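Notes follow in the order I looked things up.

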Amino acid sequence: MDYDMLVIGSGPSGRRAAVQSAKLGKSVLVADRGRRLGGVSVHTGTIPSKTLRETVLNLSGWRERGFYGRGYRVKQDISVGDLIERLHKTLDHEVEVLQHQFMRNTVKSARATVKFLGPNRASLTTDTGDYSEVGFAHALIAVGTRPHRPRDVPFDKTRVFDSDEMLELERLPRTLTVIGAGVIGVEYATIFSALDVPVTLVEPRDSILDFVDREIVDDFIHQMRDRGMTIRLGSAIKEIASKPDYAEVTLADGRSIRSEMVLYAAGRTGNVGALGLDVVGIEADSRGRIKVDPQSFRTSAPNIYAAGDVIGFPSLASTSMEQGRVAACHAFGVPLPPPPETFPYGIYAVPEISTVGQSEEQVREGGGAYEVGVARFRETSRGHIMGVNTGFLKLLFSIETRRLLGAHIVGEGATELIHIGQAVINLGGTVDFFVNNTFNYPTLAEAYKIAGLDAWNRMGRG
């Protein structure tokens with residue numbers, strides 16, 4: 001059987017490319033070796049970790065502690081079962097929606113491992129060993145990534161876990177050490193901290209989340225430390241040992257950290273091993289990432305594209321979806337306008353972080369005169385109503401053009417609120433938009449008006 005588009009992987013980029021290709025009237029096959037459709041995003045990544053976060057915040061009463069004190073809890077004894085029950089309901093729903101979407105658009109799917117046999121042919125092998133071959137005019141590699149597992153780390157699912165295995169815990173840890181303060185590391189560290197588990201976060205580098213505005217990161221670190229988390233920056237790992245009763249992490253400076261469990265979350269690797277990339281002349285780097293043209297997502301093979309986490313930064317579900325759509329349109333000659341330069345990043349930690357546009361460091365490097373406007377959530381009536389004591393919004397404006405250059409938020413609802421900043425930046429809006437427009441009251445979004453006025457008072461009327 002021949003297809004116009006063979007999509008390898010059914011995560012965000014794969015599903016979007018498949019549906020877009022089908023909407024263009026093309027025949028599509030999606031092959032995924034996972035037990036169910038959805039890819040890493042649905043089963044071990046984006047959706048599970050965000051569902052876990054929401055469940056923890058609800059059951060722990062975290063959001064109400066500003067009113068009722070740190071000892072407040074909605075459910076006194078929270079078990080892994082409480083967390084997993086909601087997780088499975090959410091995942092079942094996601095898979096059901098995806099299956100229906102494929103069915104509606106006549107996208108065929110197969111549970112199989114794909115290997116390239118040539119530039120227009122591939123083999124499909126099922127778990128039971130059934131073998132078949134398909135032809136394709138175009139292909140999209142959307143295989144995603146898996147946790148990086150160094151050989152000297154004693155993963156055993158008892159004391160030492162990777163981020164996928166954290167979803168299979170049989171009980172909550174009494175104490176936890178998280179190695180790696182990237183997005184995944186800080187999300188899990190703060191989620192377990194919200195469950196009142198003592199957490200130590202270890203990062204070999206001297207800083208964390210380097211793509212985020214420094215002032216936002218500094219506030220985030222302060223909030224983590226303020227609630228009792230231990231953060232060790234600039235601490236290289238010498239050894240991780242799994243003992244009968246605890247795990248021990250020894251640092252290069254001689255200090256050691258004992259905890260009941262360790263989460264190793266330092267990096268991810270592309271799932272390209274079984275693809276037979278050499279047959280089609282595509283090379284992957286040491287972490288299994290594939291290089292593509294940033295406009296079309298075409299690989300070095302002219303009819304084969306790659307999108308999603310397997311091509312590296314920014315590795316966001318949101319950007320992966322758009323990459324898949326763009327790749328499909330390019331493959332079938334559908335012209336697209338250039339995408340906006342800015343898109344939002346969301347980090348679903350506790351508290352959330354979201355950012356769009358330039359950081360203050362980038363604005364400063366650009367050399368243009370700028371002004372900053374800040375609004376703290378506790379200054380808003382909605383913040384008082386919600387019991388929000390922390391978090392703030394930061395806006396950066398060009399003094400010359402008055403245009404919004406960047407919006408950065410740490411705190412409750414950050415990933416939702418950021419889209420106002422995104423719209424204003426991409427539509428060329430200025431500080432005057434925030435000053436002259438009326439926002440719903442009381443809302444956290446009103447912080448945009450407060451921050452706009454804060455900057456406007458120093459910039460003048462222009």
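This is a predicted model: local features need pLDDT of at least 70, side-chain atom pairs count only at pLDDT 80 or more; totals for chains, interfaces and linings use all residues.

Which helix gives the largest share of the lining of the largest cavity? I found that helix H5 (residues 80–104) does, with four residues.

**Cavity**

I searched for cavities of 30 Å³ or more and got one. The volume of the largest cavity comes out at about 70 Å³. I listed its lining as Leu52, Val80, Leu83, Ile84, Leu87, Met166, Leu167, Leu169, Leu172 and Phe192.

**Helix H5**

Next I checked the helix behind that lining. H5 runs for 25 residues, and I get 36 Å from its first C-alpha to its last, close to the 36 Å expected at 1.5 Å a residue. Its buried residues are Val80, Asp82, Leu83, Leu87, Leu91, Val95, Leu98 and Phe102. Val80, Leu83 and Leu87 are also in my list for the cavity lining. After H5 I noted Thr106, which has a positive phi near 50°.

**Second largest pocket**

I then turned to the second largest pocket, with a volume of about 760 Å³. It is lined by 29 residues, and those closest to its centre are Trp62, Arg65, Gly66, Gln223 and Thr390. Helix H3 (46–60), helix H4 (65–68) and H7 are the elements that each give two or more residues to the lining. H7 has the largest share, three residues.

**Helix H7**

That sent me to H7.

At the start of H7, a side-chain oxygen of Asp213 comes within 3.0 Å of the backbone nitrogen of Glu215. Just past the other end, Gly228 has a positive phi of about 105°.

I logged Ile216, Val217, Asp219, Phe220, Ile221, Gln223 and Met224 as buried in H7. For what covers the buried residues of H7, I have helix H6 (183–194) and several strands, including E10 (199–203), E11 (230–233), E19 (353–357), E21 (392–398) and E22 (404–410).

**Helix H1**

I looked at helix H1 (residues 12–23) as well. Its twelve residues reach 17 Å from first C-alpha to last, close to the 16 Å expected at 1.5 Å a residue. Ten of the twelve are buried, so I'd call H1 largely enclosed by the rest of the structure. Arg15 and Gln20 are among those buried residues. Gly25 follows H1 and has a positive phi, near 85°.

**Ser296**

Is Ser296 buried or exposed? I get a relative accessible area of 5%, which is under the 20% cut-off, so Ser296 is buried. It sits in the loop between strand E16 (268–270) and strand E17 (304–306). I see its side chain reaching the backbone nitrogen of Arg298 at 3.3 Å. Leaving out residues up to four places away in sequence, Ser296 touches Tyr305, Ala327 and His330.

**Record check**

The unreviewed entry puts "domain: Pyridine nucleotide-disulphide oxidoreductase dimerisation" on residues 344–449. I find that span to be 33% helix and 27% strand, with its end C-alpha atoms 20 Å apart.

Key. Residues are numbered from 1 along each chain as its sequence is written. Side-chain values use heavy atoms; hydrogens and water are left out. Buried means under 20% relative accessible area, exposed over 50%, partly exposed in between (1.4 Å probe, protein chains only). Contact means heavy atoms within 4.5 Å. A polar contact is a pair of N or O atoms within 3.5 Å; within protein, one must be able to donate a hydrogen and the other to accept it, and residues adjacent in sequence count only if both atoms are side-chain atoms. UniProt positions are given in the numbering used here, feature names are shortened, and annotations may be inferred rather than shown by experiment. On a 1 Å grid over the protein atoms alone, a cavity is a set of points where a 1.4 Å probe fits but cannot get out, and a pocket is an open set with protein on both sides within 12 Å along at least five of seven lines; lining residues have an atom within 4 Å of a point. Grid points are joined across faces, edges and corners, and a volume is the space filled by probe spheres set on the points. The expected span of a helix is 1.5 Å times one less than its number of residues.
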